[in-house]
Amino acid sequence: MAHRFFIADVFTDRPFTGNQLAVFPDGTGISDRAMQAIAREFNFAETTFVLPPREPQHAAHVRIFTPKTELPFAGHPTVGTAAVLARLRRVDLPGTIVLEEGVGLVPVELALRGGDIYAHLISERPIEVPAAQPAKGAAAAALSLDPSAVVETWFANGGVRFCFVRLADRAAVDRAALDRTAWSKHFANAWSPHLYFFAGEQELYVRMFAPALGIEEDPATGSGAVALAGVLASRLPAADGSFTWRIDQGVAMGRPSKLEASAEKRGGRIVRIKVGGATVITGEGTMDVPAGY
């Protein structure tokens, strides 16, 4: 049976940049096995399958697959899928929709800026930060860097667990290369094996390696930006306010992406985090799935 799909570049307003996403706007009838096989076939960081919502007031139920596994939540698939649904006029634009994902309900704000569709996912869940911290030396080894390049490390979860590594400068971020032996030794079985490393303060320069998900390097990591914004905002001395960051990612791999992240703080507590950006649809087609697959 032929199933229609769209290819979208997420977190960019220019074709052939940003983070690629395959979206199947009608995933009804595609088996779990076929969904995983399709995600491997595209070999993008993620592929999404849109299904009817379980509750009629929600826009859709969305399943997210990497080439290796299904995820309960991810940023660029959420943002990109919402933008594709808006382009297909299946949801209101501008407006706020709710997507059903494995992690639960994910609100997404949709807007037009010029001719571009912008989508921002909204998270009001507390950011999980475990007491255990990754060793800076282990992070340096996994990234093939001198230990002096690593400023600090921590684990955090805003829907997907990450190991965050703050590096001394942008040059250190660019120099990083995954050492699989060191990664396997220190992170393959860690609280999170996914390495999200960055430099900067308000303007952040980011890369992310997730070999455990079949992602050698991710051009844009929305779920990581959620957790990062939450942690950074919680450290600020102000008890109240809205704080914003601009994130550049994917530059080193030739797919520059721009993410907008913000966190709202009330009474010293993070109450809302938004992460989003533009999405460009670059192609569409159909994929034949053998009967019974």
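Biologist: What does the side chain of histidine 61 reach?

Modeller: The backbone oxygen of glutamate 100, at 3.3 Å. Keep in mind that this is a predicted model.

Biologist: Where does histidine 61 sit? And is it buried or exposed?

Modeller: Histidine 61 is in strand E4. Its relative accessibility is 9%, under the 20% cut-off, so histidine 61 counts as buried.

Biologist: Which residues does histidine 61 touch, leaving out those up to four places away in sequence?

Modeller: Phe49, Val50, Leu51, Pro52, Pro53, Arg54 and Glu100. So Glu100 turns up in that contact list, and the backbone oxygen of glutamate 100 is what the histidine 61 side chain reaches.

Biologist: Staying on E4. What does arginine 63 pair with?

Modeller: Aspartate 32. Their side chains form a salt bridge, 2.7 Å from N to O. Arginine 63 belongs to E4 (residues 60–65) and aspartate 32 to helix H1 (residues 32–42). The two are 31 residues apart, so the pair links distant parts of the chain.

Biologist: Are those two buried or exposed?

Modeller: Arginine 63 is buried, at 15% relative accessibility. Aspartate 32 is partly exposed, at 47%.

Biologist: And H1 itself? Which of its residues are buried?

Modeller: Ala34, Met35, Gln36, Ala37, Ile38, Ala39 and Phe42.

Biologist: What covers them?

Modeller: Strands, including E1 (2–10), E2 (19–24), E3 (46–51), E4, E5 (70–71) and E15 (269–288).

Biologist: What follows H1?

Modeller: Asparagine 43, with a positive phi, near 60°.

Biologist: Back to charges. How many salt bridges does a search of the whole structure find?

Modeller: 15. Aspartate 248 has two partners to look at. Its side chain meets arginine 246 at 3.6 Å, N to O. Aspartate 248 also bridges to lysine 258, where the closest N and O atoms are 3.2 Å apart.

Biologist: Which strands does the pair with lysine 258 link?

Modeller: Aspartate 248 is in E13 (residues 241–249), and lysine 258 is in E14 (residues 257–266). They are ten residues apart.

Biologist: New topic. Which residues touch the most other members of the largest nonpolar core?

Modeller: Tyr196 and Val275, in a core of 60 residues. Helix H6 (residues 222–235) gives the largest share, eight residues.

Biologist: What other core lies apart from the largest one?

Modeller: One of 22 residues, among them Ala149, Phe197, Ala199 and Tyr205. In soluble globular proteins, nonpolar side chains tend to be buried together.

How values were computed
Residues numbered from 1 in each chain as written. Predicted model: local features only at pLDDT ≥ 70, side-chain atom pairs only at ≥ 80, totals over all residues. Heavy atoms only, no water. Core = buried A, V, L, I, M, F, W, Y, C linked by side-chain atoms within 4.5 Å. Buried < 20%, exposed > 50% of the residue type's maximum accessible area, 1.4 Å probe, protein only. Helix = DSSP H or I, 4+ residues; strand = E, 2+ residues; numbered from the N terminus. Salt bridge = Lys/Arg side-chain N within 4 Å of Asp/Glu carboxyl O. Contact = heavy atoms within 4.5 Å. Polar contact = N/O pair within 3.5 Å; in protein donor to acceptor, adjacent residues only side chain to side chain.
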